[in-house]
Amino acid sequence: MISTILIEAWDLYAISFLLLFVKSDLQPSATMLGLASGAVQLGALIGALCGGWFADRFGRRKVFITTMALFVVLSLAQSFVTDMWQLVIIRFLLGLPLGSDISTGYAYIMESMPKGKREVMGNRWQGMFGLGEIAAIAVITGMYLSGMDHSLLWRIGLGLGAVPALVLLIGRLDVPDTALWLIQRGKFKQAKSVAKKMFDDDLEMLPDQDFRMQQPRVRDFLSSIWRDPVRRRASIFSWISNGMQGAEFSAFAFYLPVILVLTGVSGIGATNFVTGAIYIIATISGFVAPMVTPRLGHRGVARWGFGTAFVSLLLAALFLQLDWKLLVPLAAAGLMWGHYWAASNGMTISSMVAPSRYKATASGFGYIFVKLAAFITIFFFPILFTALGVPLATLIVSVLSLIGYLAATYILPEVYGYVEQEESEPLQPAQRS
């Protein structure tokens with residue numbers, strides 16, 4: 001489930017290293033360039049909500065198989081576009097399976113691992129993002145240094161995402177639905193079989209026949225979250241956190257290669273090496289955050305993350321304004337270290353505290369805030385730094401990190417080790433199968 005993040009990272013951020021080549025080849029306006037970059041975020045926003053509902057309604061496995069198959073086809077289709085509108089449309093469609101897969105994957109993790117371990121696994125998503133970003137940088141830099149034609153380079157770079165997606169699709173063919181989802185649907189015979197295979201537990205307390213269960217209604221999802229004060233506060237924080245971390249990254253870090261080139265910090269080749277080094281630091285941070293979560297708790301990880309990102313963005317704005325070019329990459333590295341902590345637990349919390357019958361819906365709803373913020377900032381940040389300049393635009397972005405820090409301090413209750421409580425649902429007997 002967590003390996004899906006690596007595939008998303010490849011597609012989502014490979015284009016940030018290929019924008020210069022896309023711009024040279026297709027000659028888009030600044031608006032079209034931002035739209036092509038952000039279209040996958042808009043698609044993922046819709047996919048997250050719809051995919052979570054489908055996963056709660058029809059099962060995790062069906063969504064897993066469908067999303068990866070779609071990703072393989074659409075990822076390859078990017079390589080054959082002939083104009084910017086085709087690229088925008090395909091990247092929008094590509095976002096649909098990406099958003100669906102993330103929301104379903106978090107539900108799967110939270111339903112199949114015990115408390116403590118599931119939080120550590122869920123918080124590893126930023127580490128996996130880092131690995132995907134490093135892989136994208138390494139491959140694209142290698143193709144660039146080989147002297148490959150730039151028009152061909154960006155097409156191959158985007159299309160290569162289909163390769164790991166195909167591997168993951170094959171690996172998922174034997175993945176079952178979770179025992180908990182099957183129980184929620186009254187499919188007790190299949191649930192007992194899955195539990196025996198995965199946990200060596202045959203669930204003797206369950207009957208050997210299936211029952212028809214009352215289906216969860218999407219309109220009851222938010223009211224269920226709102227009734228419990230801990231669940232309510234934790235969910236509100238996760239939505240704020242997801243929005244702020246999605247915006248802080250998509251504004252400055254996403255466009256970092258472009259910023260380094262346009263501000264004269266480094267050339268194209270050197271920029272890829274500098275950015276690669278920054279993402280190596282970020283990836284280490286992404287794996288350190290889940291390791292310290294049991295010690296610091298979710299509040300501590302979020303506060304340290306957003307606080308570090310806030311200070312780093314302030315320093316980046318100062319260094320850019322003073323033209324201290326050599327210090328800009330250091331501030332960017334600090335931002336990425338803090339961001340990978342700040343972004344590690346928003347999705348974990350939103351999925352973990354939700355009732356099991358709404359878990360995928362809750363994951364998808366939480367992911368909406370990541371993608372909505374990312375789409376808005378990816379689309380508008382080029383316009384913002386063109387109108388105001390990169391230093392002032394960076395200063396404005398720092399406010400987002402400050403909001404995340406305040407939310408972690410004053411809204412989030414400590415929920416490490418939280419176990420969601422289920423309300424009983426009436427059973428309607430069905431015929432034996």
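Guide: Helices (H or I, at least four residues) and strands (E, at least two) are runs assigned by DSSP and numbered from the N terminus. The model is predicted, so local features need pLDDT of at least 70 and side-chain atom pairs count only at pLDDT 80 or more, while totals for chains, interfaces and linings use all residues. Residues are numbered from 1 along each chain as its sequence is written, and side-chain values use heavy atoms, with hydrogens and water left out.

Lys192 belongs to helix α10 (residues 188-199). Its relative accessible area of 14% makes Lys192 buried, a term that means under 20%, with exposed over 50% and partly exposed in between (1.4 Å probe, protein chains only). A polar atom of the Lys192 side chain lies 3.2 Å from the backbone oxygen of Leu206. Apart from neighbours within four places in sequence, Lys192 is in contact (heavy atoms within 4.5 Å) with Asp201, Asp202, Leu203, Glu204, Leu206, Pro207 and Asp208.

We turn now to the nonpolar cores. A nonpolar core is a set of buried Ala, Val, Leu, Ile, Met, Phe, Trp, Tyr and Cys residues joined through side-chain atoms within 4.5 Å. The largest one has 108 residues, and Trp125, Trp154, Phe252, Tyr279 and Met336 touch the most other members. Helix α1 (residues 3-26) contributes the most to this core, namely 13 residues. A second, separate core has 9 residues, among them Trp181, Phe188, Ala191 and Leu206. In soluble globular proteins, nonpolar side chains tend to be buried together.

Setting aside neighbours within four places in sequence, Phe252 is in contact with Ile259, Leu313, Ala316, Leu320, Ala332, Leu335 and Thr394. Consider next helix α12 (residues 229-253), which has 25 residues. Of these, 19 are buried, so α12 is largely enclosed by the rest of the structure. At the start of α12, a side-chain oxygen of Asp228 comes within 3.2 Å of the backbone nitrogen of Val230. Such a polar contact is a pair of N or O atoms within 3.5 Å; within protein, one must be able to donate a hydrogen and the other to accept it, and residues adjacent in sequence count only if both atoms are side-chain atoms.

Two further buried residues complete the tour. Met347, in helix α16 (residues 346-352), is buried at 0% relative accessibility. Beyond neighbours within four places in sequence, the contacts of Met347 are Ile102, Tyr106, Trp125, Asn242, Ser363, Gly366 and Tyr367. Gly122 is part of helix α5 (residues 117-122) and is likewise buried, with a relative accessible area of 0%. Although Gly122 and Ile2 are 120 residues apart along the chain, their C-alpha atoms are separated by 7.6 Å. Not counting residues up to four places away in sequence, Gly122 touches Ile2, Tyr106, Ile109, Met110, Ser344 and Thr348.

Conventions:
Expected span 1.5 Å × (residues − 1).
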